[in-house]
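This report describes one protein chain for a reader who works with computed structures. Please consult the sequence and the model shown here alongside the text.

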Amino acid sequence: MQKKNTGLALSLATLGNTFWGLSYLFIAVALKYTTPPVMLSIRFTLAFLILNIMILLGKGSVHLKGKPMKSILLLLVAEPAGFYLESYGLKYCSTSMTGSILALTPIAAIILGRLMLRESPAKAQVLSCAVPISGVLLCTFASSSTGAARPLGIFLIGLDCISCAVYRVANRKASKNFTPFERTYLVLMVTSTVFTSHALIQNHGDLGVYKDAFSHMPFVFAILVLTVFCSIASNIMVNYASGLISVAQMSAIGIIQTFVSIVSGIVILHDPWNPVTLVGSALILIGIFLVNKTENTTVLPAPTERLSVREKMLRRTTA
């Protein structure tokens with residue numbers, strides 16, 4: 001039964017990350033017609049409204065009473081921070097280049113998983129990570145040589161890479177106390193509030209910017225895909241998977257975002273590319289397979305309690 005659940009978790013994580021890989025494409029399209037705060041406000045407010053409709057229809061539930069809210073705070077901070085960095089970074093970075101940089105997230109996530117969750121990845125998993133990372137470096141080199149990115153864009157997406165790693169570790173930690181739907185609900189509630197407040201302040205309360213954005217059909221299509229598939233469906237699927245597979249496995253699967261973003265950027269947005277990009281993409285896919293083929297991550301035992309000589313003597317006499 002556990003093996004079946006793990007298989008389902010791996011499948012859902014792969015599908016969710018595929019949608020997220022496509023999100024770079026649709027974000028790039030949406031940003032042609034409005035600013036990042038307005039786009040993010042519309043995307044997450046619509047998603048939050050849909051979740052509330054699901055609750056009213058009995059398709060979801062949220063029970064927060066008595067639950068340790070502190071355990072989910074880091075997740076609620078990392079999510080809006082990451083989307084800000086991603087959206088502004090995409091203004092100065094191509095879709096394919098963005099995905100390539102974000103594929104470095106596994107390194108940061110594995111380190112954070114070791115420090116925060118005491119998850120010790122198998123040696124084979126660590127070594128296998130070198131394969132997709134090599135692919136990322138090749139893709140980055142190829143994108144830089146074709147002028148697909150500016151330094152500011154690379155810097156912002158680099159920070160987003162760290163934010164993504166924090167999100168994955170915080171998500172797994174929060175999965176012990178909150179259901180996938182509850183985590184998705186809280187994340188969308190916070191992000192819709194933050195981004196809408198920013199958009200209204202930036203535009204001095206002018207709601208006309210929302211009307212202007214919806215007057216463009218490409219924007220409407222892009223925002224619907226971002227809302228339904230990339231915000232709601234992906235979050236629920238990945239949140240479910242985070243409770244069943246390790247941070248190392250989740251991070252390795254997350255590299256598929258790179259491949260999807262590179263292909264969609266080249267094929268649909270006509271991002272610059274060369275043969276090196278294709279070689280790098282192949283290494284990324286091979287790396288994902290190798291990491292998930294290795295043995296599962298183990299959890300390190302808690303640190304042993306250090307007792308003074310006096311405490312040891314007291315325990316012996318009372319035993």
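## Basis and confidence

This is a predicted model, in which local features need pLDDT of at least 70 and side-chain atom pairs count only at pLDDT 80 or more, while totals for chains, interfaces and linings use all residues. Residues are numbered from 1 along each chain as its sequence is written, and side-chain values use heavy atoms, with hydrogens and water left out.

The average pLDDT (the predictor's confidence in each residue, from 0 to 100) is 79 for the chain, and 76% of the residues score at least 70. Residues 297–319 have a pLDDT below 50; beyond near neighbours in sequence, this stretch has 22 contacts in the model, a contact being heavy atoms within 4.5 Å.

## Overall fold

The chain contains 15 helices and two strands. These are DSSP runs numbered from the N terminus, helices being H or I of at least four residues and strands E of at least two.

Of the 319 residues, 50% count as buried, where buried means under 20% relative accessible area, exposed over 50%, and partly exposed in between (1.4 Å probe, protein chains only). Among contacts with a separation of 6 or more, 92% join residues 24 or more positions apart. The accessible surface is about 15,300 Å², and carbon and sulfur atoms hold 70% of that area; the areas come from the Shrake-Rupley method with a 1.4 Å probe, and for residues only the protein chains shown count as cover.

## Cavities

Three cavities of 30 Å³ or more are found in a search of the whole structure. A cavity is a set of points, on a 1 Å grid over the protein atoms alone, where a 1.4 Å probe fits but cannot get out; lining residues have an atom within 4 Å of a point. Grid points are joined across faces, edges and corners, and a volume is the space filled by probe spheres set on the points.

The largest cavity has a volume of about 280 Å³. Its lining comprises 20 residues, with W20, E79, F83, E86 and C164 nearest the centre. At least two lining residues come from each of helix 1 (2–30), helix 3 (70–89), helix 8 (151–174), helix 11 (217–242) and helix 12 (247–254). By class, the lining has eight nonpolar, seven polar and five charged residues, with Ala, Val, Leu, Ile, Met, Phe, Trp, Tyr, Cys and Pro counted as nonpolar, Asp, Glu, Lys and Arg as charged, and the others, Gly among them, as polar.

## Two residues

N203 sits in the loop between helix 9 (180–202) and helix 10 (208–214) and is buried, at a relative accessible area of 19%. Apart from neighbours within four places in sequence, N203 contacts V38 and V209.

A233, in helix 11, is partly exposed at 25% relative accessible area. The C-alpha atoms of A233 and T184 are 9.4 Å apart.

Key:
On a 1 Å grid over the protein atoms alone, a cavity is a set of points where a 1.4 Å probe fits but cannot get out, and a pocket is an open set with protein on both sides within 12 Å along at least five of seven lines; lining residues have an atom within 4 Å of a point.
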